[in-house]
Amino acid sequence: NKELESLTNMSIDRFNDVLKHSISCIFKYTNISKTLNNTYSININNSILLTEFINHLHNLHEISPAIKALDKIELEGERNQILKIDLSEFTNTLENENIFKYIRRFQKSITIEKSKPVHHKIHLKKFAEKYSQYNLISKNIFGLEVKEIADKLNILLEIVINNITKNTINMKHFENNNLDIQNISTLRETVKSFIFTEKELFEIFGKKGMKFIREFTFKKSEFKPHELNYHYILRSPILKIKNEYIIVPELLLDSLFSNFHYTLLENKQHSEKHKKIMSDIFVNEILEIGKKYEFIHFSSELELYQGKNQLGDIDLILRNEELDLDILIEAKNHTIPLPVYYGVYEEISNRLVELKKSWENKVDKRYKHLIHNYENYNIKKNFKYIIVSRYPEILSHDSDYLVLSTYEFNFYLQNKNKFTNFNDLFNELYKQEEWDKKDLDIFMRETLNWNMS
């Protein structure tokens, strides 16, 4: 569909995805040269064509899971170029309806998270605080302690800001003195603001800190253009051309948390310790949410026993004396598998089966034990047992227990714990009403990137 594949019709998230893939392809396959005015030159027309083609690839990649989930598919037209589908299949069974709701809910959660702009200094401060226990590990892998990384990146970004400010004199302005951000001179001068020589980076990061730069530098041989489920450039956002580096602040800041996290996970020496620390940090994040609503820390990792048999532990217990209430929390700091992230119906269905077995069954045993034995653990008779995960999970839509993301858990406490089932919370938080054609059209555009006729 020409309208859909037009670059002007994309959501900002899709546009960012396409740009990241385009930048990676251009950098891998193009011999980028410098012009006389000391900036890098690429063919703009070819870049636009490439970006349009990559958008087309992403469309095909993202709609294929939805097509596979349908049974009734008809092809029409002289070349079978028109795909005719029955949209009711997305919700014709309770399982399909729950998966449909889950995909929409997951996409909304991502949009909500990305809609919160954060100043780079606050972002780096959060990074330094979150990974403050990792100084020795960080020094071993990146050459610098965590606080040193944050401090040096602050220096680097202040230099970028000063460069942009200085270079605005050469950018195109309108009569009202506002910048013409689409003018080629503005683009050229902005890119120049991102260029650093190896010597300049060495002066900021020092000999040991250049290890951090190397870890974050794009390696052409490792980029696989057919991999559409994640962006390699988010792991390696610094582009090196000969002895110069192009450092785009947004790419670098976007990559910082995830790059640090996955680098540690992939390191056999540190991965298990890292998982434990991340789990503790996640439990503390849940505790901080509770504190906002007058809940205090009562207990952590409370072991439960049925006779001599261990039933596992309760990760966190929050107590509110005024409400005479304990909230028992099973904390799940898990990432979402990529096929689930991209809305593959079969994989979402498989994950539901897996989570019922590995999460819900364990909670169920502990809950039934505590109904009759709560006094043995000094737990209040009026207690609730819920699962809190980092991201929305499909289990929420098919469980006897509340299974909430941290965002939903905050909403739950904000509303005085009034929700006894997830569907009520879901309807109120996400303002879900009966889906009409307009809702489906939004779903097709934003989630599946289709147009409806």
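This is a predicted model: local features need pLDDT of at least 70, side-chain atom pairs count only at pLDDT 80 or more; totals for chains, interfaces and linings use all residues.
## Helix α13

Helix α13, which covers residues 345-373, contains 29 residues and spans 40 Å from its first C-alpha to its last, close to the 42 Å expected at 1.5 Å a residue. A kink of about 40° is found in α13, and the kink is centred on K356.

The buried residues of α13 are Y345, I348, S349, R351, L352, L355, W359, E360, V363, R366, H369 and L370. The elements that cover these buried residues include the helices α4 (94-114) and α12 (338-341), together with the strands β8 (296-306), β9, β10 (325-332) and β11 (383-389).

How do the two partners stand in terms of burial, buried or partly exposed? K356 has a relative accessible area of 23% and is therefore partly exposed, whereas E360, at 9% relative accessibility, counts as buried because the cut-off for burial is under 20%.

## G312 in strand β9

G312 is located in strand β9, which is made up of residues 309-320. With a relative accessibility of 17%, G312 counts as buried. Leaving aside residues up to four places away in sequence, G312 touches L302, E303, L304 and R366. L302 lies ten residues from G312 along the chain, and the C-alpha atoms of the two are separated by 8.3 Å.

## The sheet of β5, β7 and β6

Three strands make up an open sheet in the order β5-β7-β6, and their pairing is antiparallel. The edge strands are β5 (195-197) and β6 (239-241), each of which pairs on one side only. From one strand to the next, the twist averages 30°. In general, the strands of a sheet pair through backbone hydrogen bonds, either parallel or antiparallel.

Strand β7, residues 244-246, is joined to β6 by three bridges, and the two run antiparallel. For I241, the bridge partner in β7 is E244. Helix α9 (residues 198-215) lies across β5, β6 and β7, and runs at about 80° to β5.

A search of the whole structure finds 22 salt bridges. One of them joins the side chains of K240 and E198, at 3.7 Å from N to O. This pair links distant parts of the chain, since K240 is in strand β6 and E198 in helix α9, 42 residues apart. K240, at 34% relative accessibility, counts as partly exposed, and E198 likewise counts as partly exposed, at 33%.

Which residue forms a salt bridge with R390? The partner is E285, with the closest N and O atoms 3.0 Å apart. Here too the pair links distant parts of the chain, with R390 in the loop between β11 and β12 (403-405) and E285 in helix α11 (residues 271-291), 105 residues apart. E285 has a relative accessibility of 27% and so counts as partly exposed.

Key: Residues are numbered from 1 along each chain as its sequence is written. Side-chain values use heavy atoms; hydrogens and water are left out. Helices (H or I, at least four residues) and strands (E, at least two) are DSSP runs, numbered from the N terminus. Buried means under 20% relative accessible area, exposed over 50%, partly exposed in between (1.4 Å probe, protein chains only). Contact means heavy atoms within 4.5 Å. Two strands pair if DSSP finds at least two bridges between them. Axes are lines fitted to C-alpha atoms, for helices over the stretch in contact, and angles run from 0 to 180 degrees between N-to-C directions. The expected span of a helix is 1.5 Å times one less than its number of residues. The bend at a residue is the angle between axes fitted to the seven residues ending there and the seven starting there. A salt bridge is a side-chain nitrogen of Lys or Arg within 4 Å of a carboxyl oxygen of Asp or Glu.
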